[in-house]
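Reader: I would like a close look at one part of this model. Keep it brisk, and give me the cut-offs as you go.

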Amino acid sequence: RMKLFYTGPFVNAEMLVVMLDKHGIAATQAFVDATLPDDGDLSRPAQVFVPEPDYDRAFKLFYTEREDEL
């Protein structure tokens with residue numbers, strides 16, 4: 001089962017999927033409104049989904065502040 005992880009511009013969603021994959025998380029993406037034609041608009045709203053068991057790890061990787069960067 002997949003869980004919604006991110007909603008935003010397609011260009012960001014695409015990069016996020018690649019970065020999650022580098023961490024071994026098999027994410028998928030989909031356009032928010034799949035009925036619109038694919039016109040190459042990189043700002044078109046998209047969503048990223050991650051497997052439910054990987055959600056917490058993905059969240060920590062991308063949304064938790066890292067103390068070692070302070």
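Which residue in β3 does Ala30 stand opposite?

Author: Ala30 stands opposite Gln47 in β3. First, the ground rules. This is a predicted model, in which local features need pLDDT of at least 70 and side-chain atom pairs count only at pLDDT 80 or more, while totals for chains, interfaces and linings use all residues. Residues are numbered from 1 along each chain as its sequence is written, and side-chain values use heavy atoms, with hydrogens and water left out.

Now the strand itself. β3 covers residues 45–51 and pairs with β2 in the antiparallel sense over 4 bridges. Strands are DSSP runs of E with at least two residues, helices are runs of H or I with at least four, and both are numbered from the N terminus. Two strands count as paired if DSSP finds at least two bridges between them. Thr28 also has a bridge partner in β3, namely Phe49.

β3 has another neighbour. It is joined to β1 by 7 bridges, and these two strands run antiparallel. Here Gly8 has Ala46 of β3 as its bridge partner.

Together the strands form an open sheet of 3, in the order β1-β3-β2, with antiparallel pairing. β1 (2–9) and β2 (28–31) are the edge strands, each pairing on one side only. On average, neighbouring strands of this sheet are turned by 25° against each other, direction ignored. Axes are lines fitted to C-alpha atoms, for helices over the stretch in contact, and angles run from 0 to 180 degrees between N-to-C directions.

How enclosed is β3? It is largely enclosed by the rest of the structure, because 5 of its 7 residues are buried. Buried means under 20% relative accessible area, exposed means over 50%, and partly exposed is in between (1.4 Å probe, protein chains only). In the protein chain, buried residues make up 26% of the 70 residues.

The helices come next. Helix α1 (residues 10–22) lies across β1, β2 and β3 and runs at about 135° to β1. Helix α2 (residues 55–63) lies across β1 and β3, running at about 30° to β1. Contact means heavy atoms within 4.5 Å.

Helix α1 includes Met19. This residue counts as partly exposed because its relative accessibility is 36%.

Finally, the order along the chain. The protein chain has 2 helices and 3 strands. Read along the sequence, they follow the pattern β-α-β-β-α.
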